[in-house]
Amino acid sequence: MSKRLEGIGWYNFELLKAMAKAHPETEFICFFDRKVDPVFIVEPNIIPVVLHPMARHPFLFYVWFQWSVRRALAKYRVDVFFSPDGFLCLNTSVPTLLTMHDLAYIAYPEALVKMDLWHYRRFVPKFIRRADHILTVSDFVKKEIETYFPEAKGKITSIHNGLRDGFRALSVEEQDSVREKLTDGKEYFFYLGAIHPRKNIHRLIEAFDLFCAQNPQNDHQLVIGGRLAWQSGPVEKALRNSRFRSRIHLIGSVEEAQLPLIVASANAIVYMSLYEGFGLPIIEAMQSGVPVITSKDTAMDEIAGDAALLADPQSAQSIADALVLVTSDSVLRKNLIDAGKERVMSFSWDHAADEVYLILMQLASSKRL
């Protein structure tokens, strides 16, 4: 995997890998909509099946799930169907487990393409009604679903994401080597994720400008990693208006082998999204021994617990103040790093997989009754 998967991609990969390894007696038939990369077939009991057409548009989503998946469920005599990405086959009698990662389409409809928004509004309520059981990745998302879809109460389980291997603290010499290549040896704040308005990158850039202006003796850099997604205009505008543009580095998609090095060499991870159902970069940073600055809204403070510095994502000054604190208060830095190491022990893909597998088996048993 040379390019980094995003959140839901990692959820699918890590859960499947952990369940397949723990349960060699179970056959996991995995539906793909394109040629299968062998990297996903990590255990012999994972059986890949390619279904057409490629589902990369709302109309094709419908065709793929309601026609191709329905026929495949019948053909392979599937005992239970697990859809880990928020979509569902509506016209099957197979017991179904659905993961809802968030309700961003309700909270931030303006961040979606109109056709995608139409699809979510039309079908998510149907998916939630049809699912025999629903998983969420945080208590925050569970409460949101119960608020907007009260009929779902009683069939929702919250199971936190885990942390995959590879993230660790680096020696000073290793950090210096990474910084030399990335920022000419200067310390940096790091953000990783898609670049679009909901991720709040434009306000992070504004906050970094305030930080630089208010701390002229400081030469910290801002490194932004991730793909340039739809509606990136506010980010581009913030970059044009930045007085410290030369200290901001957009590095695009990050190769998977390089990500743990870049994370562990940062002065802090800054994840100021306006809305998240979980926030994987938070626990990746904690595992790497790096302080976290994140939003005090939605699921992020739930995931961070008391092991991160929380700021108001709507306020550039609040974010800038957090940047000042994390660079100037050595006691605070140590406390955040120590608390992060303790906090991250709560997140395990093996544990999550055990809980998910138990629910799948309960649903499969219900079919046989």
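Modeller: The model is predicted, with local features needing pLDDT of at least 70, side-chain atom pairs counting only at pLDDT 80 or more, and totals for chains, interfaces and linings using all residues. Residues are numbered from 1 along each chain as its sequence is written, and side-chain values use heavy atoms, leaving out hydrogens and water. Six strands make an open sheet with parallel pairing, ordered S9-S8-S7-S10-S11-S12.

Colleague: What makes S9 and S12 the edge strands?

Modeller: Strand S9 (248-252) and strand S12 (309-311) each pair on one side only.

Colleague: How do you know that S7 and S10 pair?

Modeller: Pairing requires that DSSP find at least two bridges between two strands, and strand S7 (residues 188-192) has two bridges, in the parallel sense, to strand S10 (residues 268-271). Phenylalanine 190 has isoleucine 269 in S10 as its bridge partner.

Colleague: Why is H2 called roughly parallel to H4?

Modeller: The axes of helix H2 (residues 58-75) and helix H4 (residues 114-130) cross at roughly 30° and come within 9 Å. Angles under 35 degrees count as roughly parallel, over 145 as roughly antiparallel, 65 to 115 as roughly perpendicular and the rest as oblique, so H2 is roughly parallel to H4.

Colleague: Why are H7 and H12 called oblique instead?

Modeller: Helix H7 (residues 201-214) and helix H12 (residues 316-328) have axes that cross at roughly 55° and come within 8 Å, and H7 and H12 are therefore oblique to each other.

How values were computed. Helix = DSSP H or I, 4+ residues; strand = E, 2+ residues; numbered from the N terminus. Axes fitted to C-alpha atoms, helices over the stretch in contact; angles between N-to-C directions.
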